[in-house]
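This briefing is meant to be read beside the sequence and the coordinates. It goes through the contacts, cores, aromatic pairs and sheet in turn.

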Amino acid sequence: ILWVGTLEGLSQLNLKSKKITNYYHDPQNPYSLVNNYITNLYIGPQNILWVSTFGGISELYTNSDRFIKVSQSSQSKNTISSNIVNHCIRDKFGNLWLATSKGIDVKDANGSRYYHYNLPKSFRYHKNEEIVKFFIDGDTWWIGLWGGGLSRFKFPANFKPGNTLHFQNFYYDSNDPKSIR
């Protein structure tokens with residue numbers, strides 16, 4: 001099975017049978033995709049497909065056609081910080097990390113709560129809000145920022161969501177020839 005996310009929905013291609021199944025957001029169906037603008041796909045443990053979109057995140061058990069929608073809610077404190085979810089990935093403890101337009105959200109491994117992290121603002125021209133991508137290199141996590149450079153942190157050995165993380169930021173600064181370009 002090959003999953004393909006586009007700006008107009010999600011497609012499942014069965015490479016053996018050549019059958020294509022398309023999934024779309026349907027406002028009349030509470031079990032449809034949360035949004036059609038797909039930014040990232042991640043298959044986690046138990047064959048759960050996490051679909052990052054511009055309307056939140058959808059969770060699909062791949063043996064089903066029913067999506068579980070997760071969107072920002074003003075009615076709850078236990079929610080994602082933004083509906084624009086650019087990337088998601090699991091850490092070695094099973095916590096789900098979401099790169100959003102308002103920072104980082106971490107869903108604890110037992111799925112009961114979301115924790116929010118803001119990156120420190122260390123360069124006056126950038127908000128440091130929109131996280132685009134995570135890249136894991138051993139215990140070093142790199143974070144790509146939209147229009148704001150790069151950040152990194154060392155993943156703590158006994159990390160639990162809500163623990164303090166220490167970020168180091170890298171930016172282009174025209175006054176500093178040693179800054180990133």
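Leaving aside its neighbours within four places in sequence, which residues is I104 in contact with? In this predicted model, I104 is in contact with W97, L98, Y115, H116, Y117, L119, I131, F134, I143 and F167, once neighbours within four places in sequence are set aside.

**Nonpolar cores**

- The largest nonpolar core holds 29 residues, of which W97, I104, F134 and I143 touch the most other members.
- At least two residues of this core come from each of strand 5 (48-53), strand 8 (85-90), strand 9, strand 10, strand 11 (114-117), strand 12 (131-137) and strand 13 (140-145), and strand 9 gives the most, with four residues.
- Another core, of nine residues, lies apart from it and includes W3, L10, I38 and V51.

**Aromatic pairs**

- The count of aromatic pairs comes to 16; one of the stacked pairs is formed by Y37 and F54, at 4.2 Å centre to centre and with 20° between the planes.
- Because Y37 lies in the loop between strand 3 and strand 4 (38-43), and F54 in the loop between strand 5 and strand 6 (56-61), this pair ties together parts that are 17 residues apart in sequence.
- Y37 is partly exposed, with a relative accessible area of 34%, and F54 also counts as partly exposed, at 35%.
- F93 and F155 form a stacked pair as well, with 6.0 Å centre to centre and 25° between the planes.
- This second pair links distant parts of the chain, 62 residues apart, with F93 in the loop between strand 8 and strand 9 and F155 in the loop between strand 14 (150-154) and strand 15 (168-170).
- F93 is partly exposed at 37% relative accessible area, whereas F155 is buried at 6%.
- A cluster linked by ring pairs takes in F93, W97, Y117, F134, W141, F153, F155, F159 and F167.

**The loop residue S101**

- S101 is found in the loop between strand 9 (96-100) and strand 10 (103-107), and its relative accessibility of 12% counts as buried because the cut-off is under 20%.
- The side chains of S101 and S82 are joined by a polar contact of 2.5 Å.
- Beyond its neighbours within four places in sequence, S101 is in contact with S82, I84, N86, E129 and E130.

- Three strands in the order 1-2-3 make up an open sheet with antiparallel pairing.
- Strand 1 (2-6) and strand 3 (20-23) stand at the edges with a single partner strand each, so one side of each has no neighbour in the sheet.
- Strand 2 (residues 9-13) and strand 3 run antiparallel and are joined by four bridges, and S11 stands opposite N22 in strand 3.

Conventions. Residues numbered from 1 in each chain as written. Predicted model: local features only at pLDDT ≥ 70, side-chain atom pairs only at ≥ 80, totals over all residues. Heavy atoms only, no water. Buried < 20%, exposed > 50% of the residue type's maximum accessible area, 1.4 Å probe, protein only. Polar contact = N/O pair within 3.5 Å; in protein donor to acceptor, adjacent residues only side chain to side chain. Contact = heavy atoms within 4.5 Å. Pairing = 2+ DSSP bridges. Core = buried A, V, L, I, M, F, W, Y, C linked by side-chain atoms within 4.5 Å. Phe/Tyr/Trp six-rings, centres within 6.5 Å; stacked < 30°, edge-to-face > 60°.
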